[in-house]
Amino acid sequence: MTLNNTSPELATSSGTSAPATDQAWTPRLWGILAVLCLVMFLDGLDVSMVGVALPSIGIELGLTTTSLQWVINGYVLGFGGLLLLGGRTADLLGRRRVFLIALAIFAIASLVGGLVDNGTLLIATRFVKGLAAAFTAPTAMSILTTTFREGPARNRALSIFSVFGASGYSSGLILGGLLTSAGWRWTFLMPVPFAALALVAGIALIPRDRPADTGGHDVLGAATLVAGMLLTVYAVVSAPERGWADPLTLGSFVAAAALLALFFVIENRVTHPLVRLSILRIGAIVRANVSIIALFGSYLSFQFMMTIFLQSVLGWSPLEMALGLLPAGLIVAFGSPFIGRLVDMFGTARMIITALTSLSLGYVWFLLMGSDQPSYVVSILPSVLLLGVGFAFGFTSIMAQATAGVADHEQGLASGLVQTSAQVGAAVVLALTTALVTGGSHAASSVGGAGIQQFQSGLVLVTGVALAGLLLTLSPLVRRAISAEARAGR
């Protein structure tokens with residue numbers, strides 16, 4: 001049994017309007033939110049969980065370091081390259097249909113990935129999983145933002161949604177460490193029953209929606225965008241190993257730039273563009289997309305360095321590392337439900353400023369206090385706590401700002417845009433961090449062998465990325481304060 005679009009609790013889907021305070025949170029509505037939250041958690045989890053299992057995978061399947069990197073990068077290619085297309089496809093073909101099909105593919109690819117004994121097939125399943133996540137992630141957020149009306153109801157739903165989304169990203173290393181202790185295949189098999197459960201519940205609970213009545217399918221625009229994004233991500237993630245000045249790397253960047261430039265030309269000329277470019281003239285949305293790059297790019301890159309530092313330099317086991325990073329995951333899990341209320345009280349801009357300030361302080365603390373024999377309580381724990389606060393505050397607030405004021409039929413576009421910024425931004429910053437940490441060496445085995453000093457340049461980079469996002473978010477508040485002073489002085 002499914003709801004139709006005339007249901008009072010889903011009034012936004014039918015285009016009707018009512019005060020946000022009148023929206024009742026029925027059991028069916030809670031069920032829909034639970035399905036979306038579970039899928040968002042699984043999508044985020046796969047970005048960071050598998051990294052801990054790479055050494056075990058390489059030993060059992062006989063993969064070289066070059067091949068191993070694609071176990072992660074294959075997922076990033078599918079996820080980051082197709083996110084924007086996934087969100088727009090949901091707007092055009094129907095959110096429910098796209099969501100359920102992609103979720104089924106995600107579950108199948110997870111199962112196959114946990115059973116294969118061939119490295120090439122494993123990498124292929126990772127790409128397919130990333131491709132499926134590129135459709136489930138923006139579609140889930142689009143279903144949420146068209147189900148809950150803008151204002152307190154949507155902010156509350158987003159805060160709950162963010163508990164699972166942010167926890168998926170932040171706890172990936174923790175769960176990866178625990179599961180790897182039992183066997184690396186569990187990092188692939190664990191999502192299968194949960195994805196199947198979400199699929200069954202989604203079929204029963206998510207309301208049917210109509211595809212857009214108007215608008216065509218911008219095939220040429222989609223082709224140039226997907227090709228340009230995939231080539232960009234491929235060039236970024238392969239450059240540290242191949243070399244940034246390698247002709248193939250440079251050629252990939254030039255070709256990607258040409259394809260993306262062609263995409264913008266096409267979008268300005270077609271009747272029904274894949275991306276309405278005027279959405280990029282909305283300052284709040286642009287700032288939200290830059291902020292998510294600062295948040296994800298710096299956070300995931302710092303996690304990457306901490307994983308290497310704790311295991312390769314300090315000799316921690318995967319389980320010890322998981323417990324060491326656990327406080328950040330707990331802050332995200334238990335703090336995110338309250339962020340929606342804070343957004344209502346203080347607005348998204350102030351919340352994002354608080355988040356990026358906390359992140360920056362966390363990076364600076366470790367940059368100053370880290371050593372080859374650090375005290376966990378003095379050197380590591382303060383950074384972990386500050387990063388947990390920053391991620392919890394930032395994720396919900398940025399998502400709310402990125403979709404505020406956007407019409408229902410473009411929610412998939414807005415959510416796909418911000419999540420694309422997160423994934424592609426994280427890939428770029430992580431690739432740069434890897435190049436700095438390895439000192440230009442292509443051998444992964446050299447990473448972590450020289451102690452904390454080897455990570456200094458990477459720590460400076462992630463700190464700079466967080467500070468750049470903070471300054472951009474502060475800029476409109478500073479301009480308004482200057483204008484107010486000028487008016488008062490007249």
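Here are some questions and answers about the predicted model shown above.

Residues are numbered from 1 along each chain as its sequence is written. In this predicted model, local features need pLDDT of at least 70, side-chain atom pairs count only at pLDDT 80 or more, and totals for chains, interfaces and linings use all residues, while side-chain values use heavy atoms, with hydrogens and water left out.

Q: What percentage of the residues in the protein is buried?
A: Relative accessible area decides this: buried means under 20%, exposed over 50%, and partly exposed in between (1.4 Å probe, protein chains only). The protein has 490 residues, and the buried ones make up 56%.

Q: Helix H17 has 28 residues, so what distance does H17 reach from its first C-alpha to its last?
A: The expected span of a helix is 1.5 Å times one less than its number of residues. For H17, residues 376–403, that gives an expected 40 Å. The model comes close to this, with a reach of 39 Å.

Q: How many of the 22 residues of H2 are buried?
A: Helix H2 covers residues 27–48, and its end C-alpha atoms are 32 Å apart, which agrees with the span it should have. H2 is also mostly covered, and the number of buried residues is 18.

Q: Is Thr145 buried or exposed?
A: Thr145 sits in helix H6, residues 119–147. Its relative accessible area is 0%, so Thr145 counts as buried.

Q: Which residue has its backbone oxygen 3.2 Å from a polar atom of the side chain of Thr145?
A: Beyond four places away in sequence, Thr145 touches Arg154, Thr403, Asp408 and Gln411 (contact means heavy atoms within 4.5 Å). The backbone oxygen that lies 3.2 Å from the polar side-chain atom belongs to Ser142.

Q: What is the distance between the C-alpha atoms of Leu158 and Phe148?
A: Leu158 is in helix H7, residues 152–170, and counts as buried at 1% relative accessibility. Not counting residues up to four places away in sequence, Leu158 touches Met141, Leu144, Thr396, Met399 and Ala400. Leu158 and Phe148 are 10 residues apart along the chain, and their C-alpha atoms are separated by 9.1 Å.

Q: How many salt bridges does a search of the whole structure find?
A: Side chains of opposite charge can pair when their charged atoms come close. A salt bridge is a side-chain nitrogen of Lys or Arg within 4 Å of a carboxyl oxygen of Asp or Glu. The search of the whole structure finds 2.

Q: Why does the pair of Arg185 and Glu60 tie together parts that are apart in sequence, and how many residues apart are they?
A: The side chains of Arg185 and Glu60 meet in a salt bridge of 3.1 Å, N to O. Arg185 lies in the loop between helices H8 (172–182) and H9 (186–189), while Glu60 lies in helix H3 (residues 54–61), so the parts tied together are apart in sequence by 125 residues.

Q: Which helix gives the most to the nonpolar patch on the surface?
A: The patch is formed by Leu178, Leu319, Leu323, Leu326, Leu330 and Phe334, with about 540 Å² of accessible area together. Leu326 counts as partly exposed at 31% relative accessibility.

Terms used. Helix = DSSP H or I, 4+ residues; strand = E, 2+ residues; numbered from the N terminus. Polar contact = N/O pair within 3.5 Å; in protein donor to acceptor, adjacent residues only side chain to side chain. Patch = residues over 30% accessible without salt bridge, like charges linked within 9 Å, V, L, I, M, F, W, Y side chains within 5 Å. Areas by Shrake-Rupley, 256 points an atom, 1.4 Å probe, with all protein chains shown as cover.
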